[in-house]
Amino acid sequence: MTAAAECGRRSRAAGRVVALALAIAASASASAHAQTRGATSAAPQASPTPQSVDTADSTPPLGNGPRLVSGRIVRPTADTILPVPGIWVTIHRVGSDTAAPMDSMRTKRDGSFTFRYKPFGDPNAVYFVSASYGGIAYFSEPLKSARVTGDDAEITVFDTTSAPIPLHVRGRHIVVASPRADGTREMMEVYELSNDTTVTRIAPDDAHPTWTAVLPPNISDFEPGQTDVSPQTMRLADGQLAVVAPFAPGIKQLSFSFRAPAKDFPLSIPVQQGATVLEVLVEEPAAQVSGGGLARVADVSVQGQAFS
């Protein structure tokens, strides 16, 4: 069952824990082979289900001619946008042959910078610019044109705080695979976390993470997935996922996977933080999911596997 729910009601219930029950019969071990159907639901539309993305650039190579990137470093305040003078900006190259900084400079009084460079080596190498402010590194989008200027070359940096500013769960996606030969089921969770302030939240130390999530008991083989934070900043502690990565304003995606033992099913998954969109995908057609006001929507196919 694919399910989506508006979870504002849960987020307003301070301190309340909602459990999602995954009731899966022990005999329901076959993979689902149902065709994707076009059913609709009155529930809010879920954001696209996370899938593996081919990061290879399919656009034609730009060639080895000279290139330019010219932009500014800016910092928002409560009522305006300010230039950031005098900070180091670096242009980087990451390719299959080498990966290293190419050049660096300090921004001018108006926060501006300009790099002229010439690509080399791997034609699919990625070039981008970074700036460090308040001990946090901020990055531009990959430089995909021979000349990148204006808003496309602008990097926004933020003041930092270790105060407990809220991180809102805009989306939570739970994927439950069919059981393996030993009865364990691989599960994946993907969160979209939003910092709606104008400051970057940082952890004062490893003992005080920037964000935590309760995990099911008895899990094994925990692995970070494709995520916008460094996997080294994610760790398990006392039945929780603790993240010590900085969270700049905007949305970051965080994903991870683990295995749950057969004896734990039916499995209750705690939902302590309200989410704008809550989505549960299960591979077994006989599975039942309940709790949290979930409503069935259309089945989907992920990497050739049918989920309902």
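## The three-stranded sheet

In this predicted model, strands S16, S19 and S18 form an open sheet in the order S16-S19-S18, with antiparallel pairing. Strands are DSSP runs (E, at least two residues), numbered from the N terminus, and two strands pair if DSSP finds at least two bridges between them. S16 and strand S18 (234–237) are the edges of this sheet; each has a single partner strand, so one side of each lacks a neighbour in the sheet. The twist from one strand to the next averages 25°; axes are lines fitted to C-alpha atoms, and angles run from 0 to 180 degrees between N-to-C directions.

S16 and strand S19 (residues 240–243) run antiparallel and are joined by four bridges. Within this pairing, Trp211 has Val243 in S19 as its bridge partner.

## The largest cavity

The whole structure contains two cavities of 30 Å³ or more. On a 1 Å grid over the protein atoms alone, a cavity is a set of points where a 1.4 Å probe fits but cannot get out, and lining residues have an atom within 4 Å of a point. Grid points are joined across faces, edges and corners, and a volume is the space filled by probe spheres set on the points. The largest cavity has a volume of about 70 Å³.

Its lining consists of Arg172, Tyr191, Ala213, Val214, Pro270, Val271, Gln272 and Gln273. Strand S16 (211–214) and strand S21 (267–271) are the elements that give two or more residues to this lining. By class, the lining of the largest cavity has five nonpolar residues, two polar and one charged. Here Ala, Val, Leu, Ile, Met, Phe, Trp, Tyr, Cys and Pro count as nonpolar, Asp, Glu, Lys and Arg as charged, and the others, Gly among them, as polar.

## The four-stranded sheet

Another open sheet has four strands in the order S6-S5-S8-S9, and its pairing is antiparallel. Strand S6 (99–106) and S9 are its edge strands, each pairing on one side only. Neighbouring strands of this sheet are turned by 30° against each other on average, direction ignored.

Strand S5 (residues 88–94) pairs with S6 in the antiparallel sense over seven bridges, and Val89 stands opposite Met105 in S6. Strand S8 (residues 126–133) and S9 also run antiparallel, joined by four bridges; Tyr133 has Ile136 in S9 as its bridge partner. The hairpin of S8 and S9 has two residues between the strands, and Gly134 takes a positive phi near 60° there.

S9 gives the most, with four residues. The lining of the second largest pocket divides into 13 nonpolar, six polar and six charged residues.

## Basis of the values

Residues are numbered from 1 along each chain as its sequence is written, and side-chain values use heavy atoms, with hydrogens and water left out. In this predicted model, local features need pLDDT of at least 70 and side-chain atom pairs count only at pLDDT 80 or more, while totals for chains, interfaces and linings use all residues.

Methods
On a 1 Å grid over the protein atoms alone, a cavity is a set of points where a 1.4 Å probe fits but cannot get out, and a pocket is an open set with protein on both sides within 12 Å along at least five of seven lines; lining residues have an atom within 4 Å of a point.
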